[in-house]
Amino acid sequence: MSKKSAFLFFLILLLNSTLPAAEKKLTVVTTLFPLYDFARNIGQDKVAVTLLLPPGIEAHSYEPSAGDVLKVSGAEIFIYTSKLMEPWAEKFVRGVDSNKLLVVEAGEYFTAKDPHTWLDFSKALAMVNRIRDAFIAKDVANKFFYLATAKQYNKMLTDLDAEYQKTLVGCQNKVLIHGGHFAFGYLAQRYRLRYIAAYKGFSPEAEPTPRNLAELVDTIKQYKVKYIFYEELISPRVAEVLAQETGAQLLKLSAAHNLTRKELDRGVSFIEIMKANLENLKKGLLCQ
Amino acid sequence: MSVTSLTIDQVTVKYQVSEVLSSISFTVPPGDYIGLVGPNGSGKTTLVRTILGLIKPSQGEITILGTRQEKFTAWQRIGYLPQKLVSFNPLFPATVREVVALGLLAGKKFPKRMYRTDEIAIDKALAMLEIRNIKNKLIGELSGGQQQRALVARAIVGEPELLLLDEPATALDPETREKFFTVLKELNEKRKVTIILITHDIGNIGKYAVKMLYLDKKVIFYGGFDNFCASPEVTDYFGEYTQHLICHRHNVEKGKS
Amino acid sequence: MSMFNFLSYGFMQRAVIAGSFIAALCAVLGVFLVLRRLSLIGDGLAHVTFGSLAIGLFFNTTPLYVALPLVVLSSLGIMKLTEAQHIFGDAAIGIVSALGIAIGVLLVSVTKGFNIDLFSYLFGNILAISKTEVAMSIALSAAVIIVVALFYQDLVAVTFDEECAQAEGINTKAVNKALVILTAVTVMLAMKVVGIMLVSALLILPTVTALQIAKGFKMTILVAVIAAVVSVWIGIMLSFFLDWPSGATIVLVSFVLLVCAFSYRKIR
């Protein structure tokens, strides 16, 4: 902790002590894991964050339950990525009968229709800031606390970005073959990788076409790709088939939409997942 | 003739609590031709289905061709034509030939295969009912009468010793009906097939059946047709007038032939 | 990549081989199921599989070991409902399948999630078939078709007229049981290989196509098998040239065949 933030922390403590003893936490519900982790890091003990998506459930096609509506009804802030990422979230929020609820669309979509904004860490910074602002809007008393924690977290994201830049610059192979849906477009773009996904669609609901797969096989052979990446949660059938076809090996590359039960229980963080991804990318793309 | 075709001994069938058949007893000697008659809901079909083991009687004993029904397995010795044509799916894509072939399954052991001798038997049955010309037609595309004949061919193709027919003539036009009954008579007289025939047509029964069994939850009358006309039980049941009507028409037809 | 050597890709070869065997298998069973008004049993059992897999995951075992017997039991349940309780086949399937889905959803909610997405575990894709699955498809098809061949006459008799079949001494209940058990095993395993959409389509469409033109029962089965296998071949080929998903293309081809057969029947 820097001196400045230590000071801020002290200040916040002082401010807090002036509040009534039974302090009520800000209640926040997020849809996806990255948002959950961002909110958790910004809010820390000032905020009670709930992850709506049950572990292991695929994010794009989730159907909220009655309990989910209840959870959100009782919350003060609801955070989702975007209409494109969670098409169900927008409709769902309309069904929530609460006027104190602040709805935050944390992500954005600039190019194409790729909703996986958190996988570009510079865009992730913007997401963090939006969440921070929402917290401040609902809980002005802790403004400086949120500013400080968000800044701290953004520092981690910037460091992560730098580490990715440094590592991925020196890779022998620049072709990222992914046996899943089109999730890593932003990441590939930012670090100048060629990205080919088995499913052209941005959602795992779409099915790959035979020509997609044939192109993948050809590319794998042409560039002598040794490793194929597969996505989290969804059983990696397509990646397995590509591996069987080309003799390449499989490596996991998690887009962190959601975690498994085990990971969640272990308290895995977004930064950890991205670091694990970098390790696998380093191995798979033969980086120095 | 120690072995009877069929012995029904004190058979009672209940549907839930009400008795559909109460304490039925009768014996059918080999080679008999029995017309089974009675009003709607009198248990005629129930009786036939009970004989076939499709319904379990709550009391009594049935003996088929000398064997207790529970132990009876030689179902190829029995031919059966169920009541309604609708009991089979009209969209069913089988040819007449394939339908008739099903009648041979009862006599076969696993795995059931069709042999050359079976083909001959099928051809014979088809010829007997005069439906050889439509043997490759789909059963669903035929008229009711043709369908009925195909199903009768199925019932007789295994050369059964006992034939149970549930209103086989209802779907037939008068001309076909005549032919059909001629076939049955032939089977009965030449091949000594025992026949039990459910019919509504009491008036014509004497033309083909040798005996008559009048059923109304219990046996009202069982015996030769002429005795029917003289039976005081029948008079009690029908009243003199109806009995006279039935018997008179019968006598007229008899006189003609 | 050349357009005309699409069969040089291993995944395409596996799609054609496993696809053909599963198509033939589904068509053979489909003829009996459609005629018994159990057409939707494929969809129903898929739902039950979802619930059964959830139960398997709930008890932390290999899901398939729990799911297979449960799905077989459910299929017998469907049969029992249609037999004893005077419930129509479609209603029976609806009851059992709703129950299966409900149990699945319930368990997913109660346990607060699993370690893998249930649906992706459930639904295979014809383009993503492993070598083991090819072998499994061939073995399954061979086994089921042999059993059907051995009991062919009994199956026909029971499907044609259950009452007469029973009077002829055929153990109709056993035949019915055998049919639904074969169906359950087929749906479960084939679904994992080619996906439920394809399995339920291949159980129904080829049979209905065959019913339009076939002149006899054996021919119906034969035409259904040919229609199913041809759909798979043309579908895979078309999907390659048009850059469409293969499963959906196969279903469309299958439908086009049905329309052709239907028109042929009309103009004949």
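Predicted model: local features only at pLDDT ≥ 70, side-chain atom pairs only at ≥ 80, totals over all residues.
The size of an interface is often given as the accessible area lost when the parts come together. By this criterion, chain A and chain C bury about 2700 Å² between them, with 53% of that area on carbon and sulfur atoms. Three residues of chain A, namely Pro210(A), Arg211(A) and Arg237(A), account for 27% of the area that chain A buries against chain C, more than any other three residues. The contact involves 27 residues from chain A and 37 residues from chain C.

Two salt bridges are found between chain A and chain C. In one such pair, Arg237(A) is joined to Glu133(C), and the closest N and O atoms are 3.0 Å apart. On the chain A side, the elements contributing two or more residues are helix H8 (210-222), helix H9 (237-246) and helix H10 (261-266). H8(A) gives the most, with eight residues. By residue class, this side of chain A comprises 12 nonpolar, six polar and nine charged residues.

The interface of chain C with chain B likewise buries about 2700 Å², of which 60% lies on carbon and sulfur atoms. In chain C, the greatest losses of area to chain B fall on Gln153(C), Phe160(C) and Glu168(C), which together make up 29% of what that side buries. Here, 28 residues of chain C are in contact with 30 residues of chain B.

Four salt bridges are counted between chain C and chain B. Lys215(C) forms a salt bridge with Glu141(B), in which the closest N and O atoms are 3.6 Å apart. The leading contributor is H7(C), with seven residues. This side of chain C divides into 15 nonpolar, six polar and seven charged residues.

Helix H11 of chain C covers residues 217-242. At 1.5 Å a residue, its 26 residues should span 38 Å, and the end C-alpha atoms lie 36 Å apart, which agrees with that expectation. H11(C) is followed by Asp243(C), whose phi is positive, near 60°.

Notes: Residues numbered from 1 in each chain as written. Chains lettered and ligands numbered in written order. Heavy atoms only, no water. Contact = heavy atoms within 4.5 Å. Buried area = accessible area lost by both parts, 1.4 Å probe. Salt bridge = Lys/Arg side-chain N within 4 Å of Asp/Glu carboxyl O. Helix = DSSP H or I, 4+ residues; strand = E, 2+ residues; numbered from the N terminus. Nonpolar A, V, L, I, M, F, W, Y, C, P; charged D, E, K, R; others polar. Expected span 1.5 Å × (residues − 1).
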